[in-house]
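I opened this notebook to record what I looked up in the structure shown below.

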Amino acid sequence: MHADGTSHVHERDHDGRHPHDGVTSQVVDGAPSDVGDHSGYTETGQTRITILENLLSENDRVADDNGRRLAASGVRAVNLMSSPGAGKTALLRKTLERMGGSVRIGVLEGDIATSLDADQLEGAGATAISVVNTSAGFGGECHLDAVMVQSGMERLPLSDLDLLIIENVGNLVCPAEFRVGEHARAMVFAVTEGEEKPLKYPVMFRAADVVVVNKIDLLPHLDFDLDLFLSNLTSVNPQARIILASARSGEGVEEWCDWLGGQGERELTHSED
Amino acid sequence: MLPDEVQVMHELSICRAIASTAAKHAEGRPVTQVTVQIGHLRQVVPDALQFSWEVVSSATDLKDAELVIEQVPAVIECLHCGAATTLESPILVCGACDGSEVKLLSGEELLVVSIDLVDA
């Protein structure tokens, strides 16, 4: 790779600080006097500027803003993630039907190009729904980022809400990396997806505070090995709260709603069951 | 273990973040190299990142900049026995005692380390 690569590698761990903390080191200004430790490069007519900035720091800054705005309005936000078709919208509909009468719930729908998911939720009991299509820019974005959520929040009456559910774009990779200002992260996994998924998508499974294992009404018809899945899940995320559920039959929906309802009453820490 | 189903979209998003971070610090000066550190747990495929970089940078002032990717292994420290384990797969289990209460020391990096500028 490059000759002096080792000269700054010692800085990379930053005492184990989590990369989501934003800028992991003070940015060195571009003036040549500030880059003396990389003076080897001046001989080649180049100057190396040390940056050590988290790629997501700009996103995280907006996410922090979003989180503060939500907190100021007394709204707890849950980022709901899954692969396409795992049943996020169906679970959400059941959630709204069950809780919508007692908790003022706003829904921020991330969808690549349509409002079909939001249409499914109509009349189910949400106080307000805001749709964010992610197809601005080139191609449809595969996730919601903090700026998209910020604009979606502007169309929601935050002062009239207790809970905001952010339904992310169906995808097992990208949404996990982009904080949007949520207070907790929930993941919906369908048993039709296969036992190995936690090992293939550890970033997503590690990011979740709670994993709803959905479509368990289908278990008798599948070769899905639930114990193997749970063991895989625990190996990548030992702290995750696990809820077995079926949005279709309603099983587990009460436990999920209890978890959601509890989000308003405490700062989120990984629950021990 | 290679995450074979990971979409290239992921790398595109990351490249856009790299480009905007690098451009912000370059302040219009010509950049020859951008060095990033990517932790193994980020599931970034280096070839896909390089490909995405060409797509993303070609439309910007960074089109002549080479992307250098430093991959950072995932290392955990066991909270029971204190052993450090470098992971070959994303299974967070101590290599010495099989304990699963571990602290992640590295592997989640997504950093722009440096940019190289042509001296004026």
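Entry 1, contacts. I count two residues as in contact if their C-beta atoms, placed from the backbone, lie within 7 Å. The model I am reading is predicted. I looked up I166(A) and set aside its neighbours within four places in sequence; its contacts are then A77(A), V78(A), N79(A), L80(A), L108(A), L144(A), V149(A), V180(A) and E182(A).

Which residues touch the most other members of the largest nonpolar core? I found I166(A) again, together with V211(A), V212(A), I18(B) and V34(B), in a core of 105 residues. I noted that helix α1 (residues 8-26) of chain B supplies the largest share of this core, eight residues.

I traced an open sheet of seven strands in chain A, with parallel pairing and the order β4-β3-β5-β2-β6-β7-β8. I found β4 (128-133) and β8 of chain A at the edges; each has a single partner strand, so one side of each is left without a neighbour in the sheet. On average, neighbouring strands of this sheet are turned by 20° against each other, direction ignored.

I then examined one pair. Strand β3 (residues 105-111) of chain A runs parallel to β4(A) and is joined to it by six bridges. In this pair L108(A) stands opposite S130(A) of β4(A). Helix α3 (residues 88-99) of chain A packs on the sheet, where it touches β2 (76-82), β3, β5 (163-167), β6 (184-190) and β7 of chain A. I recorded about 165° between the direction of α3(A) and that of β5(A).

Which residues of α8 (residues 226-236) are buried? I list F229(A), N232(A), L233(A) and V236(A). Seen down the axis of α8(A), the buried residues fall within an arc of 100°, so they line one face of the helix. I noted D227(A) and S231(A) as exposed on the other side. The buried residues pack against α6 (197-200), α7 (202-207), β7 (210-214) and β8 (241-244) of chain A.

I counted two helices and six strands in chain B, running α-β-α-β-β-β-β-β from the N terminus. Its radius of gyration is 17 Å, well over the 14 Å that the globule rule gives for 120 residues, so chain B is more spread out than a compact globule. I recorded a C-alpha trace spanning about 55 × 30 × 15 Å along its principal axes. Of the 120 residues of chain B, 45% count as buried.

Notes. Residues are numbered from 1 along each chain as its sequence is written. Chains are lettered from A and ligands numbered from 1 in the order in which they are written. This is a predicted model: local features need pLDDT of at least 70, side-chain atom pairs count only at pLDDT 80 or more; totals for chains, interfaces and linings use all residues. A nonpolar core is a set of buried Ala, Val, Leu, Ile, Met, Phe, Trp, Tyr and Cys residues joined through C-beta atoms within 7 Å. A residue is buried if 20 or more other C-beta atoms lie within 10 Å of its own, exposed if 12 or fewer, and partly exposed in between; C-beta atoms are placed from the backbone. Helices (H or I, at least four residues) and strands (E, at least two) are DSSP runs, numbered from the N terminus. The radius of gyration is taken over C-alpha atoms; the globule rule is 2.2 Å times the number of residues to the power 0.38. The arc is that of the directions from the helix axis to the C-beta atoms. Two strands pair if DSSP finds at least two bridges between them. Axes are lines fitted to C-alpha atoms, for helices over the stretch in contact, and angles run from 0 to 180 degrees between N-to-C directions.
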